[in-house]
Amino acid sequence: MKTNDLASRIPWTLVVFLAALVVPWLGSRYDIFLATQIAISGLFAVSLNLLLGTTGLVSFGHVAYFGIGAYVCGILMKTYEMPFSIALPAAALGAAFASLVFGFFCVRLTRIYFAMLSLAFSQIIWAIAYKWNDVTGGDQGLPDVPYPDLDWMNSIPLLGDLRIAGQFYVVTLVVVGLSLAAMRRIIHSPFGRMLTTIRENAERASAIGVDVRRYELAAFVVAGGFAGIAGALFGIFSRGVFSDYVFWPKSAEVMIMTILGGINHFWGPVVGAGTLVLLNQETTSYTEYWSFVLGTILLVLLFVFPGGIVGGLSAGFAWLRRKRKGVGSPEVGTAEPTRVEVKRA
Amino acid sequence: MTDLSFLFTQFLGGLTTAMFLFLIASGLSLVFGVMRVLNFAHGSFYMLGAYLAWQAVQWLSPLLESFWLAALFAALAVAVLGGLVERLLLRHMYGKEELYQLLLTYALVLILGDGAKAIWGTQQLSVSRPPILDGAIEMFGSVLPVYNLFIMLAGVAIALGGWLILARSSAGRMVRAAALDREMLGALGANVGALYTGMFMASSFLAGLSGALVTPIQSIVPGMDVEVIVEAFIVVVIGGLGSFWGTFWGSLIYGQVLSFGILIMPSFSLFSVFALMAVILIVRPWGLFGKPMR
């Protein structure tokens, strides 16, 4: 959009990042808890959207790489007492490597079979996590994963005033921010454009000489690696890694986050993650039937707003803008979300 | 000799698991084969069948002890629910991306799971065996409960009945035609919409029935829906998504792998079945007995 009004000149991304950064100083402990969870879930959902929205691959086992990241980081930090600065990259690499191996097979399959195979692989990881007592703690999980050593922060003004949870939130925010920036660069690079081309028409892409499988595999690996980072952060944040993290309904949950926000927009999944986390907190204080609420939201989403929150909002704004200009046109593209041209974020 | 009879017991155990899973998975496979919808809610229908059977037994108990009537009621009620789901929700998702179909059925998993929790609570429920199937028989030195034998026979009966209907009846011909080319069938004047509703109801009926039949040997607990659906997925993937006999053989293989996998690697039998599913998807995505999709 080449509108020159004020709103488009504000660097919204930076504003949001800065707003999120002050949470530990202005917010309560509970706010820090929520903000950390939103940041991590947002990263996880954006990594899934690299497959779902950008490349058009329906992975029903994305939680596997989240879980691998969580376990690698948790095991390294707890069992081997390694520093976070080694455990985090190791988690990303471990998850990326697993997605390279699994993805190699997955991208050979089409559509529903791709979804099934990714589900099967994630269940293999779950079975291992659930049963390999010596390493993963089995069904007991891996409790008491330590916080990273953040004592160096104490000597820095402002940061030193924070408790460990606040300091870890700052670390999380920086890691998530850098990861999101990296993913944005990837999506807007020629490589990312090619992924979208493949989503739109894989046959044509292959006809012009693109090695579709290799691109899809690369997307799978990148998405898996960032999911691993999210998992590593989450394991520390929730003070433990448990096999539940890898059970298949979690894959569905992150998928709902992504769709809820909107898969056609880079920030959609972050919005979805934030909405779902907040909604979850609000709902669970009234009722134990969170799944029921989630299922109902999902139904409404599928039938009323298939483009998700961001998709619905941007369609609404587009409609308003047209109305102001007096070029009335009823064609607001929400009906067929993945076919709509990708909005420039 | 004891060794052999032990192996035979294991084999029978696998066979019981297999026939149970076949009852569940046959409906899942049928719906995928014809409608190309992977129905996550199939496990929830199974769970509802179990709860409804328990409920019906409670309602009937002052009047008469009839497990069979309760099971039939449960299966029919689930079939009606399935029909409503197809008519009101699923119908709008045909022709859309798989993602939306998957998520729709997953939304039902969430809603039905919590719905069952709200109605029946979280405690374990169980139904006693019908007296006629109480007891056990001895076979080659291993003991087989009569009820398990009944399940095996029921599985075989459903397999034969399903095959007869699909292969011989006019409804079966329509179903097979719809699986091949839905549009052409519609163009020839068949009511494809009604056929789909009927198919989905039949599939839900099978899910509800198997849920009801499981109650005498397994307690009814929340979470049985997500557990069983993954098992049913494995079975249909092994046999071939959409292939009726494939599902039959797939469940036999699954039952034996699980049953003997526990002997060989006790802690990794779960792993072995998922690995089997993955290997089959890699080598023959259309399953051992399916045909490649065009």
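## A walk through chains B and A

Start in chain B with residues 136-139 (strand 1) and 142-145 (strand 2): these two strands run antiparallel and are joined by four bridges. Keep in mind as you click around that this is a predicted model.

Stay on that pair for a moment. Pick B:Ile137 and look across to strand 2 of chain B, where B:Leu144 is its bridge partner. Now go to the turn: the hairpin has two residues between the strands, and B:Phe140 takes a positive phi near 45 degrees there.

Next, show both chains and select where they touch. The contact draws 34 residues from chain A and 33 residues from chain B. On the chain B side, colour helix 4 (98-120), helix 9 (224-239) and helix 11 (269-283), each of which supplies at least two residues. Which of chain B's helices gives the largest share of that side? Helix 4 of chain B does, with 15 residues. Colour this side by class and you'll get 26 nonpolar, four polar and three charged residues.

Show side chains at the contact: helix 5 of chain A brings residues including A:Tyr65, A:Phe66 and A:Cys73, while helix 12 of chain A brings, among them, A:Gly224, A:Ile229 and A:Phe234. By class, this helix contact has ten nonpolar, seven polar and no charged residues.

Note on methods: Residues are numbered from 1 along each chain as its sequence is written. Chains are lettered from A and ligands numbered from 1 in the order in which they are written. This is a predicted model: local features need pLDDT of at least 70, side-chain atom pairs count only at pLDDT 80 or more; totals for chains, interfaces and linings use all residues. Two residues are in contact if their C-beta atoms, placed from the backbone, lie within 7 Å. Ala, Val, Leu, Ile, Met, Phe, Trp, Tyr, Cys and Pro count as nonpolar, Asp, Glu, Lys and Arg as charged, and the others, Gly among them, as polar. Two strands pair if DSSP finds at least two bridges between them.
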